Every structure is written in structure tokens, then in C-alpha cells.
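We'll go stop by stop, chain by chain.

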Amino acid sequence: MSRFRPLQPVGGPARVALGLSFFVLFVAVWAAATLGGLVPRTFLADPVTMVQDGWLLLTRFGFASDIGVTVWRVVGGFLLASAVAVPLGVMMGAYKPVEAFFEPFVSFARYLPASAFVPLLILWAGIGETQKLLVIFIGSVFQIILMVAVAVGNVRRDLVEAAYTLGASDSGIIRRVLLPATAPEIAEILRLVLGWAWTYVIVAELIGSSSGIGHMIIESQALLATGQIIFGIIVIGLIGLVSDFLFKAANRLLFPWKLA
Amino acid sequence: MREIVQGSAQGGVHEIVEVSVEGVARVFPGNRGGAPVQALAPTDLQVAKNDFITILGPSGCGKSTLLRIVAGLDRPSAGRVLVEGREVRGPGPDRGMVFQSYTLFPWLTVAENIGFGLRERGVPVAQRQEIVAAYLDKVGLRGFEGHYPKQLSGGMQQRTAIARALANDPAILLLDEPFGALDNQTRGLMQELLLGIWERERKTVVFVTHDIEEAIFMASRVIVMTARPGRIKADVPVDLGHPRHYTVKTSPEFSRLKAQLTEEIRAEAVLAAREH
């Protein structure tokens with residue numbers, strides 16, 4: 001029987017091997033294009049130069065602290081947004097009048113591009129940390145609110161009814177039915193939006209910043225140091241990969257009933 | 001006044017009405033400007049304390065609607081429901097419910113599901129554990145207390161749902177086709193299990209089903225409902241003694257009741273089929 005058929009599952013080791021082999025293929029094509037002279041050095045650094053530039057950045061130019069600053073900004077802005085958005089989203093999902101009150105505005109605000117707020121935020125909050133956090137906050141908060149509200153609104157009605165016939169109060173329904181029922185979905189929403197928050201932080205750092213990965217990238221552009229730029233981008237990708245992995249591991253730990 | 005279930009120890013004692021349905025009707029507004037649908041014609045029904053009645057009818061006859069109104073999950077368009085003399089205004093722990101769909105909380109273990117109502121009502125942990133353990137035994141789920149609903153078969157899930165409703169010690173147990181999704185063999189065993197629990201604990205039970213054998217086997221009274229709009233067509237006493245063994249299903253009296261109810265329900269099923 002052929003193993004390559006629609007919806008046919010793939011084994012653990014094979015999955016890892018396949019996932020890694022695309023990374024290898026990607027680097028191989030990149031190396032062939034740059035080292036083989038197909039693409040001029042000025043436009044695209046080769047992998048070897050990229051690693052050398054990265055090493056220099058880390059050892060000589062204190063890039064590690066830039067990474068630290070960027071991570072701090074993403075996490076800070078994201079936590080602020082979550083702290084506001086999750087409770088509001090839950091209330092909107094649970095109480096339809098609250099939803100009717102906020103939903104149209106949030107849907108409108110969701111389409112306001114966070115990056116377009118950067119000049120305005122610099123005017124209001126300067127180029128300090130507050131401005132960076134605000135960009136991420138604005139970019140994330142409306143998305144989380146809407147998605148959490150939808151998740152809570154979609155909780156199976158019969159579970160809520162069962163809880164009522166067991167004597168649950170309205171607050172009992174929210175705390176012991178709606179929240180646990182949607183917790184894995186909310187975690188998934190946060191994982192997704194955290195990925196977008198990385199885009200906002202780099203945009204915020206490209207304009208008016210003296211530290212962070214985005215700042216390093218814009219400085220490198222002036223020096224035509226494409227190796228450094230690519231190294232910066234890859235670092236962001238790796239951090240994303242790690243945070244994704246941590247989120248998924250935490251979900252497995254927190255919601256064993258999902259896997260049972 | 002009618003006597004309590006024949007065969008019960010209290011035979012001859014006058015009944016106390018536990019549930020009183022008075023002129024309850026339900027009209028659902030039409031979809032997108034369509035004509036409103038009358039699901040339930042004005043209905044009167046009295047259920048005696050500790051009686052086990054089944055409501056039998058073709059699908060879409062409003063029997064579930066009636067049950068949901070008694071539970072307080074739906075509101076009547078007219079009339080009212082009294083439980084122990086008080087008008088029903090919403091759901092409450094005095095009326096436990098078992099649904100046809102599997103409604104166990106997937107994030108809670110079997111034991112936590114059974115203890116859900118007790119926890120909501122603030123029963124202390126030690127007492128809660130004691131009651132949960134007792135009901136785990138009664139529904140034969142000892143050893144599965146740590147399992148999640150996903151890991152259970154349909155029959156085990158419904159056993160947990162029954163235990164969850166009973167652990168709360170409701171005066172009335174409402175069941176909406178609880179065994180409808182189970183295979184025939186499992187359904188038979190579940191019927192015996194529930195009947196056995198009722199014979200020992202004597203709660204007031206209203207059990208909705210479209211299965212004629214199930215309706216007779218479980219009940220001391222079968223209420224037959226008509227096709228839409230739902231209306232009570234017949235009120236058939238079941239004079240089979242207790243404890244009731246599954247072999248009663250092959251007795252002449254059972255066959256006679258089955259023939260009678262088959263006639264009643266067939267006419268309605270024909271009407272219902274014509275309408276859809």
C-alpha cells in the first residue's frame with residue numbers, strides 16, 4: 001500500500017527528517033545562487049558571509065543586547081494587549097449587548113495599520129520604550145479581542161445548558177464553562193498574534209530607534225551589509241520557532257484533555 | 001385520583017403532584033419572515049412524585065420542547081409549569097437533565113464531571129468526593145474516574161451524564177432521548193441500569209423517547225404525543241411490576257402494550273412524514 005495518499009499520517013522520525021530537509025534544501029539553493037556567482041554579493045550575501053557577519057555582530061557589536069531589547073518589547077506589548085483583550089473578548093463573547101457595543105468599533109480599529117501609527121506615536125510618546133510597546137499593543141489588541149469573542153461565542157450551547165441544569169450561576173458559567181472550554185483556543189489565538197507582534201516591533205524599530213534587531217537592520221542597510229540584515233531576519237525566525245515550540249509544549253501541559 | 005405505580009410498596013397511597021404542566025404551548029417565530037411554527041399545542045400534564053413517565057412521539061412532535069420547558073431551558077409561549085407548586089422561571093439544580101448529545105465537560109475528568117454540580121453549589125470537597133465515589137459505583141465506572149470524556153465510549157459517557165445529574169440530588173430527572181445515539185445492545189443495558197437506579201432511589205423521572213419498547217420498559221406511564229403541533233394523544237398506564245427484569249420485554253402484557261402504542265404512534269408518524 002502506498003504511504004503517499006491524501007490524509008495518510010506521517011511517522012515521527014520521518015516528520016522531523018522531512019522538516020529538516022527543507023531547511024537544508026533552502027540553504028543549498030541560497031549557497032548555490034550566491035557562491036556560484038548567480039547573484040551579486042552586493043544584493044545578497046552568501047551563507048558563509050552571513051554566519052561570519054552574525055558572529056561579528058554577536059561578539060563585537062553587542063547584538064545579544066539588541067535581541068534582548070526586542071524580545072522584551074514584543075513580550076511587554078503583547079502581555080499588555082492580552083491583559084486588556086482577553087477579558088474584554090470573553091465578556092463580548094458571553095454577553096451579547098457588550099458585543100453589540102464594542103464589536104463594530106473593534107472591527108473598524110482592527111484594520112487600522114499599526115505601522116501607520118508609528119509617526120503619530122512618536123509625536124505622542126517620543127522614541128522611548130512606551131512608543132514601541134504602544135505600536136505592538138495597537139497592532140495586537142483588536143485582533144485578540146475579536147478572535148477571543150468569536151471563540152467564546154462559539155462554545156457549545158448544550159454544555160452551557162447542562163451547566164445551568166446542574167445549578168451553575170452566570171459567573172459560574174463564565175469561569176467554569178466558557179473559560180475552560182475556550183482556553184486552548186485562546187492560547188492558539190495568542191500564539192498566532194504573537195507572530196504578528198514581531199512584525200510590528202521590527203517596524204517600530206526601523207523608524208526612530210537606537211536599539212533592537214530592527215535598528216541593527218536599518219543601520220546595516222546604510223552599510224550595504226546584507227549578511228547582517230539576513231542574520232537579523234534569521235534570528236527573528238529562530239526566536240519565532242522557539243516561542244512557537246514553547247507555546248505548543250505549554251498547551252500540551254495545560255490542556256491534556258485536548259489530546260486525550 | 002390515580003394510584004401510584006402498581007407494584008410499588010406504597011400502592012394505594014394518593015399521589016402528590018410534583019410537576020404540573022398547565023396549558024403550555026410553544027410557537028417558534030418563522031425563519032426569515034416565514035410563518036411561525038407551532039411546536040407544541042396547549043398541553044396539560046401532571047406527573048406524580050417519584051413516578052417514572054415516558055413521553056413517546058415521532059421526531060419533531062415537540063416532546064423535547066416540552067421537556068426543555070420543564071427544565072427551564074426554553075420558555076412557553078403560553079401557560080406555565082409548576083414544580084412542587086412553584087412556577088418554573090429558569091433552569092435549576094432541582095431538575096437534573098441528561099441530553100441526547102454528549103454534554104460532558106471535555107476538560108474535566110469523569111469524577112470532576114460527576115462532581116460539577118456539587119462544586120457549583122459549594123459542597124465541601126470531602127463530602128463531594130464521597131458522593132462522586134458512590135455514583136461512580138452506581139453507574140459502574142469505578143476505575144474510570146480519571147479518564148477524560150474523549151476516552152470513553154458513548155454508553156460510558158451517558159452513564160457519566162446520568163451520574164452527574166443524580167449526584168446533584170435533583171427532585172426531578174429529565175432525560176431527552178439519552179440513549180438515542182447508542183447501539184441496541186448498549187441501549188438495553190443502559191435502560192436496565194437507569195431503571196435499577198430508579199427502583200432504588202425513586203426520583204420523579206420524565207424520559208423522552210421515540211422508541212416504543214424503551215417507553216414501555218422504563219415507565220409506569222407512557223404519554224403519547226401527536227405529530228406537529230405536539231399534543232398529548234394518549235396516556236397509557238404500564239402495569240408491569242417492579243423490580244422489572246429485561247425478560248419482561250417478551251411477556252404477553254408487554255406485547256399487548258407494544259401493539260397498542262405501535263398503532264397510536266404509527267398514525268402520527270404517517271402524518272409527520274406527510275408534512276415533511
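What percentage of the 276 residues of chain B count as buried? The figure is 45%, where buried takes 20 or more other C-beta atoms within 10 Å of a residue's own, with C-beta atoms placed from the backbone.

Some ground rules before you click on. This is a predicted model, in which local features need pLDDT of at least 70, side-chain atom pairs count only at pLDDT 80 or more, and totals for chains, interfaces and linings use all residues. Residues are numbered from 1 along each chain as its sequence is written, while chains are lettered from A and ligands numbered from 1 in the order in which they are written.

**Stop 1: all of chain B.** Select chain B and you'll find 8 helices and 10 strands (DSSP runs numbered from the N terminus: H or I over at least four residues for helices, E over at least two for strands). The C-alpha trace spans about 50 × 50 × 35 Å along its principal axes.

**Stop 2: colour by confidence.** Chain B averages 88, with 94% of its residues at 70 or more. Helix α2 (residues 110–114) of chain B has the highest confidence, at 96, and helix α8 (residues 252–275) of chain B the lowest, at a mean of 83. Now pick residues 1–13 of chain B: pLDDT stays under 50 there. Where pLDDT is low, the predicted coordinates should not be read in detail. For the complex, the predictor gives an ipTM of 0.88 and a pTM of 0.86.

**Stop 3: a sheet.** Select β2, β1, β4 and β5 of chain B, which form an open, antiparallel sheet in that order; strands pair if DSSP finds at least two bridges between them. At the edges sit β2 (37–48) and β5 (86–87) of chain B, each pairing on one side only. Zoom in on β1 (residues 17–28) and β4 (residues 78–83) of chain B, joined in the antiparallel sense over 5 bridges. To see a bridge, click V19(B) and its partner in β4(B), V83(B).

**Stop 4: where the chains touch.** Show the contact, with 23 residues from chain B and 14 residues from chain A (C-beta atoms, placed from the backbone, within 7 Å). On the chain B side, β6 (95–98) and α3 (116–120) of chain B are the elements giving two or more residues.

Stop 5: Select residues 67–247 of chain A, which an unreviewed UniProt entry annotates as "domain: ABC transmembrane type-1". The span is 85% helix and 0% strand, and its end C-alpha atoms lie 20 Å apart.

Key. Contact = placed C-beta atoms within 7 Å. pLDDT = per-residue confidence, 0-100. Buried ≥ 20, exposed ≤ 12 C-beta atoms within 10 Å, placed from the backbone. UniProt positions renumbered as here; feature names shortened; annotations may be inferred.
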